[in-house]
Amino acid sequence: MTHFSQTIDTPDGPFTAVAGADGAVLASGWTDSVEDVLSRVRPEHRPTEVEAGTVTALDAVVAYYRGEHATVTSVPVVLHGTDGQVAGWEALRRIAPGHPLTYTEFAAELGNPQAVRAAASVCARNPVALFVPCHRVLRADGSLGGFAWGEDVKRALLAREERGERPGDSRPGA
């Protein structure tokens, strides 16, 4: 099956998504490199054909940057991982914008508050950044922890969501 890729400019840098003909996103992130976003997908699930084209899911990214932060989690995604990873990625989509969890709280959401490393691994292996908002999980002390697309992007996303920016906001860094 042919997949399509598209890159748009955002306040946090270029954002690329790869989606199937049905519009479901397979891979995404803050880069202009299709190869970089696809490297986050398990090799056996990477498409062999990717053409430049329109990825309708990017409309939700544009809406996100206009302040409609919840729109991205309604975009269909294709997730390939272990049962635990898929359950974790689905749980990440339920974290409300502006209300981040700690890794311990996220582990508790997954049913095992002791499994903090496993919870962090779920975030680290997320192939569909923003659509599965792994940036909404922080260390217990409130620090950012890692982020595949850079801590500056994670910091900006969290700040944007905390401010609850709405359409028409024109503050620097918005």
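This is a predicted model: local features need pLDDT of at least 70, side-chain atom pairs count only at pLDDT 80 or more; totals for chains, interfaces and linings use all residues.
Four salt bridges are present in the structure, among them the pair formed by the side chains of R160 and D12, with an N to O distance of 3.0 Å. R160 belongs to helix α6, which spans residues 151-163, whereas D12 sits in the loop between β1 (3-10) and β2 (13-20), so that this contact ties together parts of the structure lying 148 residues apart in sequence. Both partners fall under the 20% cut-off for burial: the relative accessible area is 0% for R160, which is therefore buried, and 16% for D12, which is likewise classed as buried.

Helix α6 also contains the pair R155 and D152, whose positions in this helix are three residues apart, or about one turn. The side chains of R155 and D152 form a salt bridge with an N to O distance of 2.9 Å. With a relative accessibility of 43%, R155 is partly exposed, while D152, at a relative accessible area of 60%, is exposed.

A further salt bridge joins the side chains of R66 and E68, in which the N to O distance is 3.3 Å. R66 has a relative accessible area of 41% and is accordingly assigned as partly exposed; E68, with a relative accessible area of 29%, is also partly exposed.

Conventions: Residues are numbered from 1 along each chain as its sequence is written. Side-chain values use heavy atoms; hydrogens and water are left out. Helices (H or I, at least four residues) and strands (E, at least two) are DSSP runs, numbered from the N terminus. Buried means under 20% relative accessible area, exposed over 50%, partly exposed in between (1.4 Å probe, protein chains only).
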